[in-house]
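These are my notebook entries on one protein structure. I set down what I looked up, entry by entry.

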Amino acid sequence: MKLTFFGGAGTVTGSRILLEVNYKKILIDCGLFQGVKELRLKNWEKIPEDFKELDLVILTHAHLDHTGYLPILIKNGYVGKIYCTHATKDLTEIILLDSAKIQEEDARRANEHHYTKHDPAKPLYDIEDAKLTMTHFETFDLNTWNIIEDSIKFKFINSGHILGSAFVVLDVNGKIIVFSGDIGRKEPILLYPFEYITKADYLIVESTYGNRNHKNTSINEVLLKHINHTYNKGGILIIPTFSVERAQEIIYLLSLLKRDHKLPNIPIFLDSPMGVNATEVYFKYKNGHKLSDEDIKSMLSTVNLITEINASKMIVNNKDPKIVLAGSGMITGGRVLHYLDKIISDEKHSILIVGYQAEGTRGKALLAGDTEIKFFGEYHKVKAEIFKINEFSGHADQSELMDWLKHFKEPPTLTFINHGEPHQSQALNTKIKTELKWKSTVAKLNNEYYLD
């Protein structure tokens with residue numbers, strides 16, 4: 001058996017782990033690199049030779065950094081299956097179609113305004129590529145063993161990160177290999193918490209927050225504080241929002257504030273076709289989360305769901321106070337840029353960051369205090385107030401990761417730490433070695449690891 005990390009090692013994006021066993025090549029996750037240009041350029045590199053011989057792809061969840069490379073895989077001749085949970089398929093379709101649409105629009109805008117070195121600029125993949133990718137999907141229930149071949153079987157176990165997210169447990173010749181994907185919080189806002197696993201011969205665990213713990217504060221109170229502060233300035237509050245999970249969490253919390261008559265009388269918009277579609281998927285899979293019918297009704301009455309571009313343009317151009325949730329969450333593209341184009345250089349407005357910001361993203365630049373950021377081919381001065389709520393994270397922090405690990409009855413033969421910036425992964429590695437006395441290592445990009 002051999003593992004190779006083609007992504008998600010030394011960074012939090014581009015998750016792609018190749019398992020080679022019994023003459024089979026199985027890829028766990030197939031994500032895009034995001035963030036700094038050096039990483040994004042990896043998406044354009046020649047596809048690894050190993051990927052041309054893949055037998056199977058298994059997904060832990062739908063986020064772009066775990067699924068966004070799939071259309072490139074299909075474009076390069078992959079004809080096999082893509083396995084995942086039912087909700088993951090629905091959310092992946094929404095995410096890939098949105099990703100393709102944004103890439104098409106970015107390429108078209110770059111060509112029209114000539115802010116590209118390429119002639120012409122082209123998308124990584126288009127909408128037709130994304131649609132073709134979805135024909136390869138096959139879905140499975142949680143907690144059920146499924147046969148790949150006589151000596152290989154797998155099952156999905158709830159990981160509590162987003163709707164449909166799951167640990168991938170592989171039984172290969174009697175050896176258990178566990179891929180964590182992204183691990184959720186012990187007490188998620190909407191979802192049921194992650195389940196514990198008690199046995200693994202080999203474990204691959206994420207480390208996004210491997211070096212720190214989340215603060216235990218009331219998210220509602222902090223959210224309301226930023227809303228009232230911006231409202232009292234007569235400004236607009238823009239919340240760059242991840243369309244899957246984060247958008248639904250914020251809408252739910254806003255609905256609670258509205259029920260308690262704490263919100264000022266201002267309109268609230270979710271201006272994101274992907275966010276609207278993802279919200280509908282959450283309502284479809286009622287067994288996958290804790291929301292009641294009353295919660296869902298309240299959420300729908302709290303927020304105006306915007307999909308049509310003309311309606312979006314009207315809201316963008318309206319200067320009245322409001323709250324707008326718009327993608328993308330790291331401000332790498334999407335409709336949020338059109339709002340920032342109008343408000344970012346005016347100090348009476350506010351931008352509220354509510355999720356992890358990878359290195360090299362505009363969101364990271366705003367948190368770092370950059371006085372100007374570039375989009376639409378121009379630099380924009382940053383005068384709007386920038387706020388951050390860390391407590392929204394969908395990733396387990398260090399203490400939650402350690403709690404999950406401590407439920408293994410015996411130490412794995414070897415634990416691989418991935419999906420983290422170097423200092424985050426190394427911190428978790430040190431914690432595992434000193435507290436658990438396990439044999440562990442930080443996965444390195446493109447390294448091959450042979451398993452007994």
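Entry 1: the sheet. I looked up strand 12 (residues 237–240) and strand 16 (residues 350–353), which run parallel and are joined by two bridges. Two strands are taken to pair if DSSP finds at least two bridges between them. I noted that I238 has I351 as its bridge partner in strand 16. Strands here are DSSP runs of E with at least two residues, helices are runs of H or I with at least four residues, and both are numbered from the N terminus.

Before going further I recorded the basis of the entries. The model is predicted, so I kept in mind that local features need pLDDT of at least 70 and side-chain atom pairs count only at pLDDT 80 or more, while totals for chains, interfaces and linings use all residues. Residues are numbered from 1 along each chain as its sequence is written, and side-chain values use heavy atoms, with hydrogens and water left out.

I then traced the open sheet: six strands in the order 14-13-15-12-16-19, with parallel pairing. Strand 14 (304–306) and strand 19 (385–388) stand at the edges; each has a single partner strand, so one side of each is left without a neighbour in the sheet. On average, neighbouring strands of this sheet are turned by 20° against each other, direction ignored. Helix 8 (residues 273–284) packs on the sheet and touches strand 13 (268–271) and strand 14. The direction of helix 8 makes about 95° with that of strand 13. Axes are lines fitted to C-alpha atoms, for helices over the stretch in contact, and angles run from 0 to 180 degrees between N-to-C directions.

Entry 2: helix 4. I checked the length of helix 4 (residues 86–113): at 1.5 Å a residue, its 28 residues should span 40 Å, and the end C-alpha atoms are 41 Å apart, which agrees. The expected span is 1.5 Å times one less than the number of residues. H114 follows helix 4 and has a positive phi, near 60°.

Within helix 4 I found E105 and K101, four residues apart, about one turn of the helix. Their side chains meet in a salt bridge (2.9 Å, N to O). A salt bridge requires a side-chain nitrogen of Lys or Arg within 4 Å of a carboxyl oxygen of Asp or Glu. E105 counts as partly exposed because its relative accessibility is 26%, and K101 is likewise partly exposed at 35%. Buried means under 20% relative accessible area, exposed over 50%, and partly exposed in between (1.4 Å probe, protein chains only).

Entry 3: helix 5. I located T133 in helix 5 (residues 127–134). T133 counts as buried because its relative accessibility is 0%. Leaving aside neighbours within four places in sequence, I listed the contacts of T133 as L70, P71, I74, I82 and L96; contact means heavy atoms within 4.5 Å.

In helix 5 I also noted K131 and E128, three residues apart, about one turn of the helix. They form a salt bridge with the closest N and O atoms 3.8 Å apart. K131 is partly exposed at 47%, whereas E128 counts as exposed at 53%.

Entry 4: other salt bridges. I recorded 24 salt bridges in the structure. One of them joins the side chains of D201 and K199 (3.8 Å, N to O). D201 is buried at 13%, whereas K199 is partly exposed at 48%. I also noted one network, in which salt bridges that share partners join K2, E20, K25, D50, E53 and E448.
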